Amino acid sequence: EPSVQDAVRNMGFGGTLVGDYCVVASCFSDYLMLVDANIGVNKANYFVDRAVTNVVRFTADNTVSREVIALYRNNSPPDQLFPGGEYRNYFRALIPEGSRVESVLVDGKAVSKGDKLKDTTVANPTYYVDTYNSRGSVELFFSVPPQTERRVNISYTLARQFPFRSYDQASYLMVLQKQPGTLDEAVRTIVEYPSFWQLVSE
């Protein structure tokens, strides 16, 4: 029913990726959506808490680099009985298309780039980069056993530069899209910029 679908979409529950909200030329838009999918035969995702640190770094040459840190805590009982147990996650970070991935870490250890059609094990994680609806998609599989944590770090550089070369003042717009159906989570955003820049408003 179109009217029902429109209502669901307007409430933000439809799963549609949001677009670019910039309305002036001097506005620079950024985007991030983290998507988790439990691929284990259990309901362990019910017991998982996630906290996200979102770092934005502007450099003097107008480059914009990003670091996303996602901390997962599996609070399942240690007996691993259903519905809890090991959390086997298919993770995707949707980022601006054309971004260059610098590194992917799991618990501080570098993850190598793999083949999407072959490397789908959670025991020895690899990552791969794809595109999805005009977004870049950094994807990997990993597991979080009961009563443990996993930390995923993704560092990347955006393809576009901040438009200070063309304007004396520019705006930065960050769109953080929430995965539909998930609970509220802690998100901390850190913005770093050159000392000679001046923040006008936030």
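In the predicted model described here, strands S1 and S4 are paired in the antiparallel sense, and 6 bridges connect them. Within this pairing, Asn38 has Asn89 of S4 as its bridge partner. Strand S4, which spans residues 87-96, is mostly covered, since 8 of its 10 residues are buried. Strand S4 is also joined to strand S8 (residues 135-144), and here the two strands run antiparallel with 10 bridges between them. In this second pairing, the bridge partner of Arg92 is Glu139 in S8.

These pairings belong to a protein chain that contains 1 helix and 11 strands. Read along the sequence, the elements follow the pattern α-β-β-β-β-β-β-β-β-β-β-β, and buried residues account for 40% of the 202 residues of the protein chain. When contacts between residues at least 6 apart in sequence are considered, 74% of them join residues that are at least 24 apart.

An open sheet of 6 strands is present, with mixed pairing and the order S6-S5-S9-S3-S2-S11. The edges of this sheet are formed by strand S6 (109-110) and strand S11 (186-192), each of which pairs on one side only. Inside the given order, S2 and strand S3 (residues 64-74) pair in the antiparallel sense, and this pairing extends over 11 bridges. Val52 stands opposite Ala70 of S3. In a regular strand, side chains alternate between the two faces of the sheet.

The side chain of Asp30 is joined to that of Tyr172 by a polar contact of 2.6 Å. Apart from residues up to four places away in sequence, Asp30 touches Arg66, Pro96, Leu158, Tyr172, Leu173, Met174 and Val175. A polar contact of 3.1 Å links the side chain of Asn42 to the side chain of Asn38, the residue whose bridge partner in S4 is Asn89. With neighbours within four places in sequence left aside, Asn42 is in contact with Phe82, Pro83, Gly84, Gly85 and Glu86.

By class, the lining of the largest pocket comprises 12 nonpolar, 5 polar and 2 charged residues. The second largest pocket holds about 450 Å³ of space, and among the 17 residues that line it, those closest to its centre are Asp36, Asn45, Val48, Thr182 and Leu183. Strand S1 (27-38) and strand S2 (48-58) are the elements that give two or more residues to this lining. The lining of the second largest pocket divides into 6 nonpolar, 5 polar and 6 charged residues.

Val200 has a relative accessibility of 59% and so counts as exposed, the limit being over 50%. The C-alpha atoms of Val200 and Gln169 are separated by 8.9 Å, although the two residues are 31 residues apart along the chain. Glu202 is placed in the segment after S11 as well, and its relative accessible area of 93% makes Glu202 exposed. Between the C-alpha atoms of Glu202 and Tyr172, which are 30 residues apart along the chain, the separation is 9.4 Å; Tyr172 is also the residue whose side chain is joined by a polar contact to that of Asp30.

Technical notes: Residues numbered from 1 in each chain as written. Predicted model: local features only at pLDDT ≥ 70, side-chain atom pairs only at ≥ 80, totals over all residues. Heavy atoms only, no water. Nonpolar A, V, L, I, M, F, W, Y, C, P; charged D, E, K, R; others polar. 1 Å grid on protein atoms, 1.4 Å probe; cavity = no way out; pocket = protein on both sides within 12 Å on 5 of 7 lines; lining within 4 Å. Points joined across faces, edges and corners; volume = space filled by probe spheres on them. Helix = DSSP H or I, 4+ residues; strand = E, 2+ residues; numbered from the N terminus. Polar contact = N/O pair within 3.5 Å; in protein donor to acceptor, adjacent residues only side chain to side chain. Contact = heavy atoms within 4.5 Å. Pairing = 2+ DSSP bridges. Buried < 20%, exposed > 50% of the residue type's maximum accessible area, 1.4 Å probe, protein only.
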